[in-house]
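Dear colleague,

I am passing on the structure we spoke about, and my notes on it follow below. Please read them with the model open beside you.

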Amino acid sequence: MKGQVGKILRVDLNQKSTSTIDTSEYEEWIGGHGLATALFFDLVEDKAISGFNPKNTLVIAPGLLAGTLAPATNRTEMVGIQAQSYPTEWFTRTNIGGRFGALLKYAGFDAITLEGAAEEPTWLNIIDGEVEFEDATGIWGLNTFESQEIIFDEVSGSKGYGGWIDTNNGRKTTQRPSVLAIGPAGENQSRIGVIMTDGGSAFGQGGFGGVWGSKNLKAISVLGTGSVEVADPEELMKTRLWAENYGWDDEDPYEEYKWLNYITSHFGGQPGPHWASYADQKRSHGCYSCHMGCRPKTASGGSNEAICTEASYYTGYDAEAHGEITEISGQVTNLVEKLGINSFEGPLGYVLYLHDEGVLGKGKEIEADIPFEEVGEYEFAEVLLNKIAYREGIGDDLAEGLPRAAEKWGRLEQDLATGDLPQMFWGYPQHYDARTETYWGYASIIGGRDVNCHDFNVPAYWMPTLDITAGRTPPISAEQTAAIIAEKTGWEDPDVFNFSTDKLYSTDMAKVTDWLFKYTRFWKQSCGMCDNAYADFINPYSPDEMKGLTPEGEMKMFKAVTGEDLTFSDTLEIGRKMWNLDRSILVLQGRTREDEDFPDYVYDVPAEGPYYMPVKEDGEWKYKDVCPRNLDREKVKEWKTKYYELAGWNKETGKPTRSTLEELGLEYVADELEDKGKI
Ligand code: SF4
């Protein structure tokens, strides 16, 4: 298939050997998540192993459109058995931007498998189809920024920016390699260790930094000078120019569409300094091929290229201590990234809660030698984060992630009951709230992590809530929003997008959840489309009355790159196949219906608003603050039955049925489930 470059690189870390597979053997799996998961399924015989088991093969695969001119499509997936989720280390996915995906394809590979574990610290040096196993002893212990810089120099021969590098096939490039690297947290096998690239992109969720540490894998560097052949380059360029019509309009719509500051799942998101209010943010920066450039560059280098939870990691504490956000926030963000710690897991809130309760601190029940009098200052974060990265004192517990730390301290049950430990899905921190955006919660518990797909989150929450709480009228009514989304998803009935309390356990909410999996598995996780840009449902810059470019844009890009004549429904069906393969792996790991549940606080403690969402009550559509709201235990059980039936799974157990798997061409998967007594 055009868009694929032809080879999958197999890396045996233990034997220091490589081999390749023709991508054509896996063509139907597209790229990214689909390709990576199909490889994982075939290569890992026993899927019920720990993430730290050397037989846990990790697979890295750029999306199908990565390395082309399709806008905001250079995302790369990694799959494998994670270290982060609690209580079970589920098979899961994580995703990264930057330049890595494009350069890997330019080097000739659609995917890399990381098999076994190296005996000594190792980094991989991939240049135009050739792979070297390099000794990482000299960089083991260095942080993620230092490691990248040293590898840049080794690969490029210490040439400065703009200097030509000779690759191994007589070609030249001025591009610097893209380097994925772990820091001390990963080396010390933290379950909240990440893998960083460039200034602010990371394989953040899943604790895969710790898994790399267990494999003695410090870094992967890739440099490629090839290209990705596309079916119709002219059409692809036309599509990119056409898509500009949906991009941000710099005629200053900033005030009117303030909610666009939050650019997730929105093709018209604005570039620039809006993730955190640092005075030194200077210009926008983007991942390869991206028109949005959502990653601010800073003059000081503090918080460079960081967005979202990384950029805001310390801003609240900093502002409280100093009356404003200062450069300390940027310095702390840098420290998190250098040490390679997952900023989203950030334990600050829970540690401070336990300290305020009088149970954590120097000489307290939970011993912690941390300068609490310095909260908001750099020194507090420095001490705490270094303890986590190097597993010193209380940091050894926190490096295991908050649920395991709380369990060790005897606090888990009580703090999950009150919500003082707000770990909502498999021990992941509460993100969007199952009590309000219930589909998000459902998708997270039937998957293996916080689902983190914002497709419906902007029109269902951010858009109405930001405007209404600021005293403005949203640019589109609840009724129009539901109608546009029904049209674009193919649901036809707008009532599917009704978030009133009496719809929380409905088949419609199962449809929302199901569509999210099918769309994101194919388009975002396998084609490489960025969650910040897609799906584009509601778009105030649209030439078509607020209607975003989904699905027309995705289809135009896919057709231009591959030349394949698929319908949008076909792509969702392939996404369904990918999701069923994921689900089968979870079942092989031992997943049961009973496992799929929320912690007690979701049922017993109402969520607090404001949380404005589209609702239809007494025949009238409106945006309404749905809080206070909590879920009902028995009705969640009923919802699971509805979802399992909709997905074609056994409604009692949640396991995919043989007939569903065979219908999807996954007979061999059904056979493995049957062999293991799981179907
Ligand atoms: S929107 Fe931001 S994170 Fe996504 S591809 Fe563009 S620059 Fe990267």
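A residue is called exposed when its relative accessible area is over 50%, buried when that area is under 20%, and partly exposed in between. Please keep in mind throughout that this is a predicted model.

With those cut-offs in hand, Pro-87 counts as exposed, because its relative accessibility is 57% and so lies over 50%. Pro-87 sits in the loop between strand E4 (76–81) and strand E5 (91–96). Setting aside the neighbours within four places in sequence, Pro-87 is in contact with Arg-404 and Trp-426. Leu-516, in turn, is 429 residues away from Pro-87 in sequence, and the two are 25 Å apart in space, taken from C-alpha to C-alpha.

The same cut-offs can be applied to two cysteines. Cys-290 has a relative accessibility of 25% and therefore counts as partly exposed, whereas Cys-294, at 11%, counts as buried. As for disulfides, which require a pair of cysteine sulfur atoms within 2.5 Å, the count for this model comes to zero.

Turning to the chain as a whole, there are 24 helices and 22 strands. The radius of gyration is 24 Å, which is close to the 26 Å that the globule rule gives for 679 residues, so the chain is as compact as a globular protein of that length. Along its principal axes, the C-alpha trace spans about 70 × 65 × 60 Å. Of the 679 residues, 63% count as buried. Among the contacts between residues at least 6 apart in sequence, 68% join residues that are at least 24 apart.

How do helix H18 and helix H20 pack, and at what angle? Helix H18 (residues 507–524) and helix H20 (residues 568–588) pack at an angle of about 95°, with their axes 7 Å apart. Since angles from 65 to 115 degrees count as roughly perpendicular, H18 and H20 are therefore roughly perpendicular to each other. On the H18 side, the residues that meet H20 are Trp-515, Phe-517, Lys-518, Tyr-519, Arg-521, Phe-522 and Trp-523. Their counterparts in H20 include Phe-568, Leu-572, Ile-574, Met-578, Trp-579 and Asp-582. Sorted by class, this contact of H18 with H20 has 10 nonpolar, two polar and four charged residues.

Key:
Residues numbered from 1 in each chain as written. Predicted model: local features only at pLDDT ≥ 70, side-chain atom pairs only at ≥ 80, totals over all residues. Heavy atoms only, no water. Buried < 20%, exposed > 50% of the residue type's maximum accessible area, 1.4 Å probe, protein only. Axes fitted to C-alpha atoms, helices over the stretch in contact; angles between N-to-C directions. Helix = DSSP H or I, 4+ residues; strand = E, 2+ residues; numbered from the N terminus. Parallel < 35°, antiparallel > 145°, perpendicular 65-115°, else oblique. Contact = heavy atoms within 4.5 Å. Nonpolar A, V, L, I, M, F, W, Y, C, P; charged D, E, K, R; others polar. Rg over C-alpha atoms; globule rule 2.2 N^0.38 Å.
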